[in-house]
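Here is a short briefing on one protein chain. Look at the model, then read the points below.

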Amino acid sequence: MRARYPDTEGYIERGGVRVFYEAFGDGSPTVMFLPAWAIVHSRAWKAQIPFFARHYRVVTFDPRGNGRSDRPPDAAAYSSRESMQDALAVMDVTDTDRAVLIGFSAGAWLATLLAVEHPERVLGAVLAGPSSPLGPPQRPNRFNDVLDTDEGWAKNNRYFYRRHYPEFVKFFLTEMFPEPHSTKQIEDGIGWGMETDAATLVATRDAPSTMAHLADASAAVAFYHRIHCPVLVLQGDQDHMISPARGAAVADASGATFVTVKGGGHHVFARDPVKMNLLARSFIDQIRRQM
């Protein structure tokens with residue numbers, strides 16, 4: 001059972017890849033919840049959709065690679081630019097001229113791309129635990145290395161995915177929610193992670209990076225300076241996925257309001273939905289008053 005079922009649903013298709021979307025409510029403005037990495041799908045927003053659909057119109061879509069969207073084998077199909085075009089296509093088919101975007105992790109980077117490259121479609125952006133070229137990495141990237149250990153974050157490795165995919169999913173979702181009493185969120189996430197497979201997640205990791213040309217800090221800062229809509233950045237101070245310093249760097253570069261979530265992990269919207277929903281609603285209502 002779901003707390004709120006969609007008023008409309010369907011697929012957009014681009015380049016032979018179908019992407020599933022849902023729309024809820026009829027308020028204003030439209031709030032689009034963006035997909036994160038394909039280890040989860042749009043049900044990761046299940047604690048937000050019923051609340052926000054009472055006040056606004058809500059649009060979600062599943063990422064390529066999970067949920068009811070297709071799982072193309074080609075890594076190029078998973079670039080964030082493809083995801084950006086999917087988001088625009090979903091906005092078009094749902095008659096959404098402009099929206100407030102909400103994303104966490106890779107979804108926050110997707111919101112950033114849209115705000116920079118398609119500002120006419122973006123009223124504002126909420127970025128939680130944002131993936132970003134700014135700030136220090138949480139740990140060395142050893143995804144492609146042949147390792148002599150499977151301990152800890154050594155599991156985040158293409159060879160481990162293929163050997164022990166269920167074990168990786170359990171590890172990753174447990175790290176996503178370091179907060180006490182997160183059993184339900186972890187179990188939900190593991191279930192969603194098992195709706196895709198190792199080959200698909202490897203393809204997503206091999207996808208062309210839109211951050212590659214922003215490796216220089218000054219170029220990355222200049223990129224964020226191109227955001228002219230209101231931005232709210234949320235960052236858990238116990239985030240095991242994205243360094244908390246990244247959220248601060250993103251807020252500084254974009255001129256955003258920055259909120260540190262004490263004791264929060266990576267997906268703060270799932271773990272503390274009441275607090276995060278109210279913060280985001282206050283942000284959206286400020287935008288609505290200026291429309």
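The side chains of Asp 285 and Arg 288 meet in a salt bridge, at 3.0 Å from N to O. A salt bridge here is a side-chain nitrogen of Lys or Arg within 4 Å of a carboxyl oxygen of Asp or Glu. This is a predicted model, where local features need pLDDT of at least 70, side-chain atom pairs count only at pLDDT 80 or more, and totals for chains, interfaces and linings use all residues. Residues are numbered from 1 along each chain as its sequence is written, and side-chain values use heavy atoms, with hydrogens and water left out.

**Salt bridges**

- Asp 285 and Arg 288 are three residues apart in helix H11 (residues 273-289), so about one helical turn separates them. Helices (H or I, at least four residues) and strands (E, at least two) are DSSP runs, numbered from the N terminus.
- Asp 285 is buried, with a relative accessible area of 15%. Arg 288 counts as partly exposed, at 32%. Buried means under 20% relative accessible area, exposed means over 50%, and partly exposed lies in between (1.4 Å probe, protein chains only).
- Salt bridges that share partners join Arg 2, Glu 9, Glu 22 and Arg 68 into one network.
- By this rule, the count comes to 17 salt bridges.
- Side chains of opposite charge can pair when their charged atoms come close.
- Arg 64 and Glu 82 form a salt bridge through their side chains, at 3.6 Å from N to O. This pair links distant parts of the chain, 18 residues apart. Arg 64 is in the loop between strand S4 (57-61) and helix H2 (80-93), while Glu 82 is in helix H2.
- Arg 64 is buried, at 7% relative accessible area. Glu 82 is partly exposed, at 25%.
- Arg 142 and Asp 145 also meet in a salt bridge, at 3.7 Å from N to O. Arg 142 is partly exposed, with 43% relative accessible area. Asp 145 is partly exposed too, with 33%.

**The sheet**

- Eight strands form an open sheet with mixed pairing, in the order S1-S2-S4-S3-S5-S6-S7-S8. Two strands pair if DSSP finds at least two bridges between them.
- Strand S1 (8-14) and strand S8 (257-261) stand at the edges. Each has a single partner strand, so one side of each is left without a neighbour in the sheet.
- Neighbouring strands of this sheet are turned by 20° against each other on average, direction ignored. Axes are lines fitted to C-alpha atoms, for helices over the stretch in contact, and angles run from 0 to 180 degrees between N-to-C directions.
- Strand S3 (residues 30-33) and strand S5 (residues 99-104) run parallel, joined by four bridges. Thr 30 stands opposite Ala 99 in S5.

- S7 is mostly covered: six of its six residues are buried.
- In a regular strand the side chains alternate between the two faces of the sheet.
- Val 231, Val 233 and Gln 235 point one way from S7. Leu 232, Leu 234 and Gly 236 point the other way.
- S6 and S7 run parallel, with four bridges between them. Ala 128 stands opposite Leu 234 in S7.
- S7 and S8 run parallel as well, with five bridges. Gly 236 has Val 261 in S8 as its bridge partner.
- Helix H9 (residues 244-254) lies across strand S6 (122-128), strand S7 (231-236) and S8. H9 runs at about 165° to S7. Contact means heavy atoms within 4.5 Å.

**Aromatic rings**

- A search of the whole structure finds 17 aromatic pairs. Rings of Phe, Tyr and Trp (its six-membered ring) pair if their centres lie within 6.5 Å; planes under 30 degrees apart count as stacked, over 60 as edge-to-face and the rest as tilted.
- Phe 33 and Trp 45 form a tilted pair, 4.9 Å centre to centre, with 45° between the planes. Phe 33 is in strand S3, and Trp 45 is in the loop between S3 and helix H1 (49-53). Both residues are buried.
- Phe 33, Trp 45, Phe 51, Phe 52, Tyr 56, Phe 104 and Phe 269 form one aromatic cluster.
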